[in-house]
Amino acid sequence: MSLPCSDQSIRPRKMQSASLPRGVEAVRCWCGDVCKVKEVTDFSDWLGMKFFMCANYESDSPESISAYVRPPSPPPLCMYYRWIDTEMPDWAVTEIRERGRRAWASLDLEERREKAEAEEKAEEKKEWEDYCVEQRAFLDEMKRKNQEEKLRLEEVYRQREQAREAERERKRERARAAKAAEEAGDGKGKYPRWTQ
């Protein structure tokens, strides 16, 4: 058991009532009253350790406004406290280790989840970029084919137009020759010369 302590900076803040361990005698605080036994419930280096503290309060406890809300207790009258345990109990050590293990496991799980999400987003982005490249190439190919088809059709139409124009010119030339022969009045023979 430690010596009485008045250093309030390290006095536990979260505690619960506990029973006096076997072989330990009750002590009196600086007020002269028998101390009460408390056990630390705060997740700290003192978890599960028992200590004596003053049983008197500086003021009366405030009345509770609800059955579910308990107001904080006023500070002890003489601020006396004294550690009963000098080491944490085995269950508290195990609890701290287990909480630490769970915290690290949770952190590791969170990191793995974030990494998986980042990889999934990167994969989706890559797939989208590949799709865009593929679509762009497809559209470029379609434009090229359409341009080639357009040029081919223009060439076909141009050739057809040239053939029609040549045919028209041939018919015009024939018509001019026939007209000139008729006007010349070349009447030898039964039929005009241009029809023979």
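Student: What does E95 count as by its relative accessibility?

Tutor: At 26% relative accessibility, E95 counts as partly exposed. Buried means under 20% relative accessible area, exposed means over 50%, and partly exposed lies in between, with a 1.4 Å probe and protein chains only. This is a predicted model, in which local features need pLDDT of at least 70 and side-chain atom pairs count only at pLDDT 80 or more, while totals for chains, interfaces and linings use all residues. Residues are numbered from 1 along each chain as its sequence is written, and side-chain values use heavy atoms, with hydrogens and water left out.

Student: What share of the protein chain do buried residues make up?

Tutor: Of the 196 residues in the protein chain, 15% are buried.

Student: Where does V24 lie?

Tutor: V24 belongs to the loop between β1 (15-17) and β2 (36-40). Its relative accessibility is 24%, and therefore V24 counts as partly exposed. V24 and I84 are 60 residues apart along the chain, and their C-alpha atoms are separated by 8.1 Å.

Student: Why are R101 and E98 separated by about one helical turn?

Tutor: They are separated by about one helical turn because R101 and E98 are three residues apart in helix α1. They form a salt bridge, with 2.5 Å between the closest N and O atoms. R101 is partly exposed at 47% relative accessibility, and E98 is partly exposed with a relative accessible area of 28%.

Student: How far apart are the closest N and O atoms of R164 and E161?

Tutor: In the salt bridge of R164 with E161, these atoms are 2.7 Å apart. R164 and E161 lie three residues apart in helix α1, about one turn of the helix. Both partners are partly exposed: R164 has a relative accessible area of 41%, and E161 has 38%.

Student: Which residues are linked in a network of salt bridges?

Tutor: The network links E165, R168, E169, R172, E173 and R176.

Student: Which residues gather in a patch of negative charge on the surface?

Tutor: Patches are made of residues with over 30% relative accessible area and no salt bridge; like charges are joined within 9 Å, and nonpolar side chains (Val, Leu, Ile, Met, Phe, Trp, Tyr) within 5 Å. Lys and Arg count as positive and Asp and Glu as negative, while His and the chain ends are not counted. The place of a charge is NZ of Lys, CZ of Arg, CG of Asp or CD of Glu. Here the negative patch gathers E120, E123, E124 and E127. E123 sits in helix α1 and is partly exposed, with a relative accessible area of 43%.

Student: Which residues form a nonpolar patch on the surface?

Tutor: Accessible areas come from the Shrake-Rupley method with a 1.4 Å probe, and for residues only the protein chains shown count as cover. I65, Y68 and V69 form the nonpolar patch, with about 440 Å² of accessible area together. V69 is placed in the loop between β3 (50-53) and β4 (81-83), and V69 is partly exposed at 47%.

Student: How many disulfides does the structure hold?

Tutor: A disulfide is a covalent bond between the sulfur atoms of two cysteines. The test is a pair of cysteine sulfur atoms within 2.5 Å. The structure holds zero disulfides. C35 is in no disulfide, and the nearest cysteine sulfur, that of C29, is 4.7 Å away. C35 counts as buried at 8% relative accessibility, whereas C132 counts as partly exposed at 22%.

How values were computed: Salt bridge = Lys/Arg side-chain N within 4 Å of Asp/Glu carboxyl O. Helix = DSSP H or I, 4+ residues; strand = E, 2+ residues; numbered from the N terminus.
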